[in-house]
Structures are given as C-alpha cells and as structure tokens.
Amino acid sequence: HVSHTTTSGPQHDSLRCAAKDESEVLFSLFGVSSTSVAQLLWSFRDRFLSPILPVRPDYESTQDFFTYVRVTIREANEEPARLVTYPVLMTKGQAISDLVAVVARKAQVPPECCQSVGYWHPKDGSTSKEMVRSDISLSSPDAQRFESAFLDLHFDHVPWRSEAEASPEIPEITNVPEVPMAAPAPEVPERL
C-alpha cells in the first residue's frame with residue numbers, strides 16, 4: 001500500500017507488483033505501470049503531497065526535520081533523466097544548502113549541479129509548485145510547508161564540454177625563422 005494523508009485522514013492506495021521478467025518487477029498504481037516506485041510517485045505527485053511519517057521511537061518533532069526528497073538527475077549523455085526518492089532526516093538547525101549537500105552525496109553528484117529546489121502544496125482546491133529561492137533554515141515557517149512532505153530537487157550533471165565538442169589539437173608551428181638574440185645590456189655603474 002502507498003499511504004498519504006487527506007483532509008479526512010490517512011488513505012491507503014493499493015500498489016500491485018508483478019514480475020516483468022526474471023530481472024525486473026513491474027509496479028502498478030491506478031492502472032499506471034512502471035519498473036520504478038519513484039516514477040509512480042512522481043507521476044502521482046499531486047496526490048502524494050504529504051506521506052505518512054515513518055514510525056521511529058527517537059524522532060523528536062521539535063528538533064528533527066523529516067522530508068522525502070524526489071530527485072531528478074540529468075546526466076550529460078543519459079536520456080531520460082534519472083528519478084530517485086530518498087527519505088531525509090535532518091535537524092531543524094540546518095539549512096536548505098545542508099539538505100542539498102546530503103542529497104547530492106546520496107545521488108553521487110556535486111551539490112553545485114543543483115538547479116532548483118521546490119515543493120508542491122495545495123492551493124485553492126488544486127496544487128501548485130513553489131520554488132525555494134533562498135537558503136532558509138529548516139526551522140523557518142517557510143520550511144514547515146514541505147516538512148513531512150515531498151521536496152523536489154533537480155540536478156543537471158553536465159560537464160562544460162563533452163569530448164565530442166572539444167576543440168581539435170592545435171597543430172605545431174614549423175618553418176619559423178630563427179631570430180638572433182639581442183646583445184646583453186651594458187652594465188650600469190652603481191652610484192655612490
């Protein structure tokens with residue numbers, strides 16, 4: 001089951017699994033199938049805004065900050081982009097930049113490749129995406145909007161130039177006439 005909270009309380013949607021072949025499992029939710037649960041969650045991101053928190057005896061809501069992070073990673077020569085989902089537990093004394101660094105380490109990309117940080121939230125009967133535009137503290141009221149929900153990070157891991165676009169080698173210049181060296185400058189006597 002995939003669980004999420006609604007205005008009337010928790011709701012549990014049935015997630016079906018079937019073997020696609022010997023090496024892959026096919027997941028199905030609401031008639032949509034995929035080999036990745038993360039892709040299914042991304043497809044139904046409007047529905048799964050606030051997942052139910054995992055039960056942990058040591059989770060302290062006044063000090064800990066929990067969120068699920070949906071990560072989109074676009075590599076230089078990979079199509080389509082890679083989608084992964086991570087549960088992240090931080091302390092409220094940390095900032096968005098710390099969260100990006102933790103997720104980048106898990107996704108094995110440099111944190112500088114992060115292009116955007118955003119989250120979906122209900123607004124006027126529908127959902128809209130809000131972008132995080134500054135390095136806010138996880139204890140700030142703005143961060144409370146996506147605490148215990150999904151935070152979306154987009155990484156573009158693309159080198160400045162691919163090998164195919166690299167400039168050709170500069171040929172060595174030959175047949176250059178030799179220029180004689182100038183005579184050394186005369187010595188100037190020191191003044192007393």
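Predicted model: local features only at pLDDT ≥ 70, side-chain atom pairs only at ≥ 80, totals over all residues.
Leaving aside residues up to four places away in sequence, Ser116 touches Met131, Asp152, Leu153 and His154. Ser116 itself belongs to strand S8, which covers residues 114-123, and because its relative accessibility is 22%, it counts as partly exposed. Of the residues it touches, Met131 stands 15 residues away along the chain, and the C-alpha atoms of Ser116 and Met131 are separated by 7.3 Å.

From here the reader may turn to the aromatic rings. The count of aromatic pairs comes to four. In one of them, the ring centres of Phe65 and Phe146 are 5.8 Å apart and the planes meet at 75°, so this pair is edge-to-face. The pair links distant parts of the chain, since Phe65 lies in strand S6 (residues 64-75) while Phe146, 81 residues apart from it, lies in the loop between helix H3 (141-144) and strand S10 (150-157). Both Phe65 and Phe146 are buried, and together with Tyr119 they form one aromatic cluster.

Another pair is made by Phe66 and Tyr68, whose ring centres are 5.1 Å apart and whose planes lie at 85°, so that this pair, too, is edge-to-face. Phe66 has a relative accessibility of 6% and therefore counts as buried.

Note on methods. Residues numbered from 1 in each chain as written. Heavy atoms only, no water. Helix = DSSP H or I, 4+ residues; strand = E, 2+ residues; numbered from the N terminus. Buried < 20%, exposed > 50% of the residue type's maximum accessible area, 1.4 Å probe, protein only. Contact = heavy atoms within 4.5 Å. Phe/Tyr/Trp six-rings, centres within 6.5 Å; stacked < 30°, edge-to-face > 60°.
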